[in-house]
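Trainee: Before we discuss the terms used for this model, could you show me the structure?
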Amino acid sequence: MRAEAGLHVQRESAVPDRPPRLPWPVWTSAAATTAVVIGSVWDISWHVSIGRDTFWTPPHLLIQLCAAIGGLTAIHLIVRTTWGDDDIARAESVRVFGLRAPLGAFICGWGALAMLTSAPFDNWSHEAYGLDVTVVSPPHMMLALGAVGVIYGGFILTIAERNRAPAALSDRIDTLFILIVGVLMVGSQAELIEYSDKAFMHSAIFYRAFVVAFPMQLMLVRSLSSRRWACSAAAGVYMALSMLQEWVLPMFPAEQKLGPVFQRVTYMVPVGFPALILAPAIALDLLWPRLQRLNRWAAAALAGLVFLTVLLAVQWPFADFLTSPWSRNRLFGTHYQMYMVDPGTPFSRGEFIAYEATRAGFWAGMAIAAATAMMTSRAGLAAGAWMRRVQR
Amino acid sequence: MRPGEAPPQPAGKRAAGVGSASLAAALSCPASGGASHAGLGRLAAAVAAAVLAWAVPVAAHLGSPDVFFEGNAGEYRMLVVVRMPRVIPGIAEIEVRPISPGVSRVRVTPLRIRGLGSDLEPAADLAQPDAGRPGVHLARLWLMQRGAWKVRVSADGDRGSGELFVPVAAVSNATLPMRLSLRWLLGTLALLLIAGAVAIVGASVREATSPPGLEPAAGLIRRGRWAMAIATALILGVLSLGGLWWRAAAANAAAALYKTPEVAGTLIDPRTLSVTAVTARGASNVRDGSPAGRDLVPDHGHLMHLFLVRSPGMDWMAHLHPRQTAGGGFE
């Protein structure tokens with residue numbers, strides 16, 4: 001079914017039906033997401049507990065596994081579809097640079113290439129400016145963008161199959177998709193670690209950071225899934241996995257291999273107790289029937305505001321608890337300390353930091369957070385609406 | 001750090017010269033006596049050229065941050081070389097050459113000289129024997145913050161254990177430019193990624209939502225082209241913002257480069273010279289409001305070494321160690 005030049009006529013094709021079975025890209029997508037998220041969380045824990053790393057540390061290998069899965073998925077699908085004799089696969093493909101494959105395969109390949117490119121870029125950045133001391137840097141963002149490409153490429157491979165699948169299969173894909181988004185949220189929090197500390201929970205920067213990724217992911221899963229509690233389920237997966245890393249990582253010993261050591265840490269430090277995303281997720285699920293009746297811009301504005309307001313309402317008082325002695329236990333883990341953090345700072349003492357110097361600065365930050373929440377909600381709705389229509 | 005030990009030797013940029021330059025210079029001096037000596041002058045020039053042709057190039061290190069240290073680790077005499085990275089955080093290469101026999105194991109540990117973190121040490125690194133140079137042990141030292149550090153070198157052998165400390169100044173001196181080959185590689189990959197992203201956006205609008213087996217209609221092809229144009233503009237916009245971010249990060253890194261403080265001296269009375277280190281404007285030696293003196297690193301056991309030379313005779317020299325005053329200056 002190769003497109004011929006000048007042929008713009010829509011015509012039906014005699015495409016035979018596939019037997020209903022769970023498509024394998026579901027599993028590669030889940031594996032890539034899991035690998036990169038576990039790798040990211042473990043890598044951050046490694047940095048704040050042990051310090052020294054190399055290209056070949058286990059967390060780095062997991063992150064590289066994500067790129068490998070994306071790249072191999074793309075190569076396999078492109079080669080099979082472009083040069084193979086599977087007419088069904090060709091009918092379900094798009095054309096990029098003269099090659100044919102499902103759209104998700106090209107996105108996976110692009111993500112893998114971006115992750116690959118970030119390696120020499122990051123290496124040069126180390127040589128030119130020094131080894132990493134921040135998570136949010138241009139090479140790291142390129143790596144994250146590549147990982148997002150691999151993950152969403154897998155999503156789109158999956159979603160395209162789901163959109164063509166019979167109802168029973170669609171339901172199973174739905175469940176897996178919710179799980180994948182929940183895992184992805186854990187990775188989002190790991191990327192935000194510089195702004196997600198409890199010390200910032202009474203500052204606007206905390207909320208500005210969280211609204212970058214979370215409303216988009218929630219509205220995406222809400223748009224795509226037909227389940228009543230899709231957002232809540234994804235948020236529940238996020239919170240359960242986040243708490244799991246909070247409880248499991250400290251069980252493993254650690255020894256600092258970089259100086260200066262400001263505090264002796266004998267365990268792997270977790271990335272922190274999860275934000276209470278479950279609350280705005282429940283609110284969005286409850287609101288969803290009403291949001292569906294609005295146009296997408298109004299729905300996004302309302303969803304963004306609801307997300308921010310509900311998160312603020314629950315996280316602000318919870319932050320008081322997290323900075324109290326009552327949370328310094330294995331359950332909430334606020335007594336865990338990073339070796340390179342000065343024990344005299346508010347981060348270690350469990351105090352709040354006013355990230356914005358003035359009250360006006362705080363409210364300006366919250367206004368930015370509200371606007372960002374609306375925009376990312378809109379992006380999630382748009383992506384969801386488009387993904388519902390993806391066929392290839 | 002130990003008084004009486006050999007100081008870290010200044011070294012650095014390789015400055016090439018010729019061993020017989022003084023002879024050549026002497027021979028090529030303008031001869032007195034005018035034209036009658038022109039032939040002698042030509043001869044001198046020819047001899048100078050011949051000598052230069054046979055001259056052996058020599059090299060010296062000037063202004064190097066590398067540290068060369070000789071000292072005792074217990075019963076063992078050791079020669080330690082720390083080759084500093086040009087940027088901090090970075091990795092220094094350390095080379096330990098025991099002069100005394102009997103050393104079987106060498107470990108190295110970087111520690112801040114003073115302040116927070118100077119009392120808690122990271123795990124020591126075992127220096128590995130250099131296969132090509134018997135007796136030499138090599139290790140890599142991760143220096144994650146700027147400032148005054150010491151490297152603890154621990155030696156174990158048949159005469160027990162011992163340790164010595166080598167002071168090192170961890171400062172960023174420069175940012176490295178990108179190699180041409182890497183520039184081409186990253187440029188090519190970036191172009192491929194941009195073109196790929198635009199093409200994927202086009203395909204997603206043109207074909208992705210069409211049922212399998214259908215060719216895209218003219219309207220979808222048109223929309224796809226528009227989407228590619230918009231995607232190109234958006235990507236260029238994002239790249240421009242990324243460029244601003246990168247330039248800001250590079251400017252921060254440049255501001256953090258160490259610049260040698262200028263020194264101002266004032267004669268307070270006939271027997272007292274006040275010396276103040278003045279940080280150049282724009283340099284970030286003074287960080288977090290700390291006094292300039294905090295950026296000075298002890299060298300050979302002293303924060304400041306003052307050399308006085310009588311001029312124009314150049315026949316007298318004094319090497320003094322001014323005392324730090326309460327205000328951060330030296331006298």
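Mentor: Two bridges join E6(B) to E7(B), and these strands run antiparallel. The model is predicted, so local features need pLDDT of at least 70 and side-chain atom pairs count only at pLDDT 80 or more, while totals for chains, interfaces and linings use all residues. Residues are numbered from 1 along each chain as its sequence is written, and chains are lettered from A and ligands numbered from 1 in the order in which they are written.

Trainee: What makes E6(B) and E7(B) a pair?

Mentor: Strands are DSSP runs of E with at least two residues, numbered from the N terminus, and two strands pair if DSSP finds at least two bridges between them; E6(B) and E7(B) have two bridges, so they pair. In E7(B), B:Asp125 is the bridge partner of B:Val108.

Trainee: Why are E7 and E11 of chain B said to stand at the edges?

Mentor: The open sheet has the order E7-E6-E10-E11 in chain B, with antiparallel pairing. Strand E7 (125–126) and strand E11 (160–170) each have a single partner strand, so one side of each is left without a neighbour in the sheet.

Trainee: How do you know that the end-to-end span of helix H2 of chain A agrees with its number of residues?

Mentor: The expected span is 1.5 Å times one less than the number of residues, so the 26 residues of H2 (residues 58–83) should span 38 Å, and the end C-alpha atoms, 36 Å apart, agree with this.

Trainee: Which residues in H2(A) are buried?

Mentor: Among them are A:Ile63, A:Cys66 and A:Leu77, where buried requires 20 or more other C-beta atoms within 10 Å of the residue's own, with C-beta atoms placed from the backbone.

Conventions. Helices (H or I, at least four residues) and strands (E, at least two) are DSSP runs, numbered from the N terminus. A residue is buried if 20 or more other C-beta atoms lie within 10 Å of its own, exposed if 12 or fewer, and partly exposed in between; C-beta atoms are placed from the backbone.
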